[in-house]
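Reader: I want to learn how to read a contact between two chains. Where do we start?

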Amino acid sequence: MHALPVPTAALQLPQRLELRLENRRASCEQARLAIERFLAPLELNAATVFGIELVLEEVLMNIIWHAKAEAGAAEIGLGVEVHDDAIALCFEDSGVAFDPTLAAEPVAPATLAEARPGGLGIALVRKFARSRAYERAGDRNRLRVTIAR
Amino acid sequence: MDIEVSQRDNTTFVRLSGRLDSPGVDRIETRFTAAVAGPGRPTAVDLAGVSFLASMGIRMLISNARALGQKGAKMALFGVPEPIMTVLEHVAIDQIIPVLATEQEAAEALRA
């Protein structure tokens, strides 16, 4: 007699994580660890995890760099959505209006002297994201980035 | 993020391990700069133990490579894991800082 494996119940997972982060550099690591714990049951492949972490780091650091806490942008909202084929990171801040999807692609430097530190983060997010969508809603920047899984 | 520094044949060897994200760079940048840009010797940087690289880490490498260049020396990277290499290639850093497979190849490239 051959026994067939009994399908296990689908893994139950909250589909969205909401974080409120202080607008400071230490929030990057806090967010990364919270997202790591939230997504752990999915057992995502290493490339997907790398992409999520890179997008998270680059977007958060850009917000922290440009949305000055002392100007009133004290908090950053971050939502993480689980979809069948992607993970979405949704960022919200009340800093000055900035649409990273409109930023020009940096020109590849031909020499070390030509290398510029600016724009690297935006370029890397373009590379690792499946999609990016920005809107300005009232006084808030909203950026949604999806990473394929 | 951890850093180990050694000297051999007038060449500085730096081994980095861990995450080169913003907290990682904050932890080691002062020591990295002191070990690399300070002495101004040819420098081979071992990235085999690096598990993550973002733009803050790239900036640290570029600024120190540039500082070395101003002192007439070069930087070479070696042992780069695949996902890290993807990051370096996408921002074309591999076109301006030599990336080699092994420490020996990096040392030879620095002597050339």
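Author: Start with one charged pair. A salt bridge is a side-chain nitrogen of Lys or Arg within 4 Å of a carboxyl oxygen of Asp or Glu. Here A:R25 pairs that way with B:D26, and their closest N and O atoms are 2.5 Å apart. The model is predicted: local features need pLDDT of at least 70, side-chain atom pairs count only at pLDDT 80 or more, and totals for chains, interfaces and linings use all residues. Residues are numbered from 1 along each chain as its sequence is written, chains are lettered from A in the order in which they are written, and side-chain values use heavy atoms, with hydrogens and water left out.

Reader: How many salt bridges does the rule find across the interface of chain B and chain A?

Author: Two.

Reader: Which element of chain B gives the most to the side that touches chain A?

Author: Helices (H or I, at least four residues) and strands (E, at least two) are DSSP runs, numbered from the N terminus. Helix 2 of chain B gives the most, with seven residues.

Reader: How is the span of helix 2 of chain B checked?

Author: The expected span is 1.5 Å times one less than the number of residues. Helix 2 of chain B has 16 residues, so it should span 22 Å; its end C-alpha atoms are 22 Å apart, which agrees.

Reader: What comes just after helix 2 of chain B?

Author: B:G72, with a positive phi of about 80°.
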